[in-house]
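Please look through the sequence and the model together before reading on. The report below then takes up one topic at a time.

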Amino acid sequence: MEGANSPNVRLQQIPLATAVVSVQPHTDAFSYKENLIGALLAIFGHLVISIALNLQKYSHIRLAGSKDPRAYFKTKTWWCGLFLLVLGELGVFSSYAFAPLSLIVPLSAVSVIASAIIGIIFIKEKWKPKEFLRRYVLSFVGCGLAIVGTYLLITFGPNSHEKMTGENITRHLVSWPFLLYMLVEIIIFCLLLYFYKEKNANYIVIILLLVALLGSMTVVTVKAVAGMIVVSIQGNLQLNYPIFYIMLVCMIATAVFQATFLAQASQLYDSSQIASIGYILSTTVAITAGATFYLDFTGEDVLHICMFALGCLIAFLGVFLITRNRKKSVPFEPYISMDAMPGMQNMHDKGIAVQPDLKASFSYGALENNDNMPEIYTPATLPIVQEQHGSRGVSAPPYRVLEHSKKE
């Protein structure tokens with residue numbers, strides 16, 4: 001009994017007790033429950049966001065010909081989409097307070113899966129079964145791979161949990177791994193920004209790398225803000241710490257600049273390329289930031305880390321296949337304005353048709369079944385009288401367009 005109460009034994013027991021309190025074992029059922037809650041909230045949020053964006057897009061398409069540019073404000077569909085969008089963002093925001101950052105970030109593939117399924121269900125074109133499968137086989141394969149990857153991410157995701165208190169966040173913020181990571185990220189960001197602004201290197205990888213670097217800081221601050229709010233709701237007030245407002249300002253600033261670069265990328269490149277490449281780059285950089293700042297993979301065995309990496313790769317491949325099959329939008333090329341040409345001002349008044357409108361075709365000159373058209377719509381040949389070069393001082397005759405009759 002005396003040996004058990006000696007000071008040496010007490011000093012050896014204190015670190016052991018502290019380690020048990022600060023680090024939860026991997027087999028803790030409560031930590032798995034928190035992971036499941038965070039994953040379900042993230043999946044729910046991304047599903048709702050995808051539905052909301054499609055509802056708002058549907059509202060804009062229906063009012064495309066309206067003279068009022070803000071007519072969609074008066075529709076219930078657009079407001080329903082806005083409500084679902086806010087609800088989905090709240091779901092994703094709250095998911096960071098329960099599960100590790102490295103687990104929540106890759107689950108954004110759910111929105112890509114949902115968008116692909118919604119696009120296939122509400123497709124307007126009529127396809128034959130064989131043609132439909134041939135056209136959307138990549139989408140089906142991509143959805144399957146993305147679902148498998150999501151399952152692996154949830155099953156083998158990191159299981160590190162700690163309370164997001166002001167002291168813990170401050171300790172992570174001044175840790176040497178994160179300071180080294182921030183130094184490298186700032187250098188890379190400045191170099192990319194220099195090439196993008198000064199050298200006009202408008203490559204999609206450069207723009208989306210800028211978005212990914214900003215997005216990594218966004219998700220780090222989102223987890224800190226959401227975690228401190230949840231801890232405050234549980235009774236331990238954290239809103240009086242200055243670190244909370246520092247993280248809040250950084251979250252808003254990085255999100256705004258991230259949206260700015262995304263808007264610039266959308267003006268230069270196709271949305272499918274932005275979705276696939278942006279998802280891969282943003283997820284990779286965000287997982288690296290989470291592993292550096294929050295030490296998500298501390299205490300994880302090699303098998304879980306390898307299976308988690310495999311799930312990320314499968315999800316990447318699935319998103320790439322889904323977005324690769326999207327139909328590229330062809331910009332509409334209007335007809336040539338004949339009113340702007342000399343001598344054409346009165347043609348419409350006389351009832352002369354310049355370009356017949358057949359089958360409401362929007363492609364200039366690309367009319368279907370030209371062989372079966374009436375003879376009146378066949379294009380007339382317009383021979384040109386070539387210019388004869390005479391001697392100096394003698395004006396050459398101008399070009400003349402000869403009208404051919406139907407018999408000719």
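A search of the whole structure finds 0 disulfides, where a disulfide is a pair of cysteine sulfur atoms within 2.5 Å.

## What kind of model this is

This is a predicted model, in which local features need a pLDDT of at least 70 and side-chain atom pairs count only at pLDDT 80 or more, while totals for chains, interfaces and linings use all residues. Residues are numbered from 1 along each chain as its sequence is written, and side-chain values use heavy atoms, with hydrogens and water left out.

The pLDDT is the predictor's confidence in each residue, from 0 to 100; the protein chain averages 76, and 68% of the residues score at least 70. Among the elements of the chain, helix α1 (residues 7-22) has the lowest mean pLDDT, 39, whereas helix α8 (residues 176-197) has the highest, 94. Over residues 1-27 the pLDDT is below 50, and this stretch has 13 contacts in the model beyond near neighbours in sequence, a contact being heavy atoms within 4.5 Å. Residues 329-393 also have a pLDDT below 50, with 44 contacts beyond near neighbours in sequence. Where pLDDT is low, the predicted coordinates should not be read in detail.

## The overall fold

The protein chain has 12 helices and 0 strands; here helices (H or I, at least four residues) and strands (E, at least two) are DSSP runs, numbered from the N terminus. Buried residues make up 34% of the 408 residues in the chain. Of the contacts with a separation of 6 or more, 75% are between residues 24 or more positions apart.

How far apart should the ends of helix α9 be, at 1.5 Å a residue? The 30 residues of this helix (residues 204-233) should span 44 Å, and the end C-alpha atoms are 42 Å apart, which agrees; the expected span is 1.5 Å times one less than the number of residues. Helix α9 is mostly covered, since 25 of its 30 residues are buried.

Asparagine 200 is found in the loop between α8 and α9. Although asparagine 200 is not a glycine, its phi is positive, about 55°, and the residue is exposed, with a relative accessible area of 56%. After α9 comes glycine 235, whose phi is also positive, near 120°.

## Aromatic rings

A search of the whole structure finds 9 aromatic pairs, where rings of Phe, Tyr and Trp (its six-membered ring) pair if their centres lie within 6.5 Å, and planes under 30 degrees apart count as stacked, over 60 as edge-to-face and the rest as tilted. In one of them, phenylalanine 244 and tyrosine 245 have ring centres 5.1 Å apart and planes at 85°, so the pair is edge-to-face. Phenylalanine 244 is buried, with a relative accessible area of 7%, whereas tyrosine 245 counts as partly exposed at 45%.

Phe178, Tyr181, Phe293 and Tyr294 form one aromatic cluster. The charged end of lysine 223 sits over the ring of tyrosine 294, 5.7 Å from its centre; the rule for this is that NZ of Lys or CZ of Arg is within 6 Å of the ring centre and within 35 degrees of the ring normal.

Tyrosine 72 has its place in the loop between α2 (29-62) and α3 (76-95), and at 18% relative accessibility it counts as buried. Tyrosine 72 and serine 59 are 13 residues apart in sequence and 6.4 Å apart in space, C-alpha to C-alpha. Leaving aside neighbours within four places in sequence, tyrosine 72 is in contact with Ser59, His60, Leu63 and Trp78.

Methionine 251 lies in helix α10 (residues 242-268) and is buried, with a relative accessible area of 14%. Methionine 251 and methionine 217 are 34 residues apart in sequence, and their C-alpha atoms are 7.3 Å apart in space. Leaving aside neighbours within four places in sequence, methionine 251 is in contact with Phe93, Thr218, Thr221 and Val222.

Definitions and conventions:
Buried means under 20% relative accessible area, exposed over 50%, partly exposed in between (1.4 Å probe, protein chains only).
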